[in-house]
Amino acid sequence: DLKRSDRKYEAGILEGMKWVGLTYDEGPEINNDTEYGPYRQSERIEQGLYTQFANQLIESGLAYYCFCTEDDLNQEREAAKAANKPYVYSGKGSRLTPEERQAKLDEGIPYTIRFKMPEKTIVFQDLIRGQIDFDTALIGDFVMIKSDGTPSYNFSVVIDDWKMGITHVVRGEDHISNTPRQIAIFEALGAPVPEFAHLPMILGPDKAKLSKRHGATSIIDYRDQGFLPHAFFNYLMLLGWSPGDNQELLSTEEVIDRFDFSQIGKAGAVFDIKKLTWMNGQYIRRSTPDELYSAVAPFLSEKSKTKLSDYSDENAKAIIFSVRD
């Protein structure tokens with residue numbers, strides 16, 4: 001979304017991943033120029049990647065130019081509402097004759113490009129939820145390319161996943177409704193369909209979806225509050241997943257070795273700051289003097305730094321270590 005996009009949001013995500021130890025072999029800033037890159041959609045738009053495949057779908061009759069205005073669409077929505085029916089786009093843009101379509105293009109009338117949903121039931125096996133079925137008649141033709149020429153989410157992620165060789169798409173359950181649209185595009189392009197796994201949502205203490213009103217808004221906020229990266233990683237891993245033996249303190253290596261989609265639950269997982277704080281305490285107690293001193297150093301007041309400067313580094317570390325409880 002170019003209107004809301006800002007490099008600072010990307011930087012925050014990457015900084016948070018790095019802090020908790022989630023590294024990657026290639027992506028933004030790392031091997032960005034491989035055969036699978038670039039990794040920013042803005043750079044891929046500049047390459048004309050999405051337009052190329054949108055035109056391919058138009059030529060094969062699986063997508064079409066839509067000249068409907070916002071007023072046209074609002075009238076359809078109001079009519080559906082009055083009839084007490086769920087709104088599905090009528091598809092009238094697909095019924096223009098080639099001559100009518102060309103005349104509108106020649107006039108420079110703004111348009112979107114819509115994908116023509118096939119009339120069938122789309123079925124996929126979710127790695128967490130099992131078989132999920134969707135009747136495409138309830139979905140309707142959707143926008144692939146917006147009127148400003150940029151790709152919609154459902155179209156761009158398919159092209160990216162295909163061209164980046166993605167085998168597994170793991171995301172929140174709020175994306176389940178997007179999956180049939182994406183599968184339809186994969187199939188229309190003759191591209192391999194990846195495996196899908198939809199995770200339970202993370203909830204606040206009130207059992208509502210975790211949001212700003214529940215407290216910290218990013219991973220970095222927890223770092224700045226004094227949580228240790230290993231504790232935070234460990235706690236996040238246990239939200240919706242269990243190794244099956246009631247063990248709660250797990251190293252990254254243990255998680256990698258034991259993780260399996262079959263152990264992920266379907267119910268939403270409550271983010272409990274008290275449990276996170278308890279786990280952080282466990283990791284503080286397990287820290288070596290060097291590790292603890294490094295973690296504490298950014299939080300020391302100027303007065304404390306001045307007092308500790310009277311001691312050798314080893315003694316300063318010992319002083320901090322003595323009050324770790």
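Modeller: A residue is called buried under 20% relative accessible area, exposed over 50%, and partly exposed in between, with a 1.4 Å probe and protein chains only. The model is predicted, so local features need pLDDT of at least 70 and side-chain atom pairs count only at pLDDT 80 or more, while totals for chains, interfaces and linings use all residues. Residues are numbered from 1 along each chain as its sequence is written, and side-chain values use heavy atoms, without hydrogens and water.

Colleague: Is C68 buried or exposed?

Modeller: The cut-off for a buried residue is under 20%. C68 has a relative accessible area of 19% and is therefore buried.

Colleague: How many disulfides does the rule count?

Modeller: A disulfide requires a pair of cysteine sulfur atoms within 2.5 Å. By this rule, the count is zero. For C66, the nearest cysteine sulfur is that of C68, 3.6 Å away, and C66 is in no disulfide.

Colleague: Which residue in β2 is the bridge partner of Y65?

Modeller: Strands are DSSP runs (E, at least two residues), numbered from the N terminus, and helices are such runs of H or I with at least four residues. Two strands pair if DSSP finds at least two bridges between them. Strand β1 (residues 63–66) is joined by four bridges to β2 (residues 112–115), and the two run antiparallel. In β2, the partner of Y65 is I113.

Colleague: How far apart in space are Q102 and Y65, C-alpha to C-alpha?

Modeller: Q102 lies in helix α5 (residues 98–107) and is partly exposed at 41% relative accessibility. Q102 and Y65 are separated by 37 residues in sequence, and their C-alpha to C-alpha distance is 9.8 Å.
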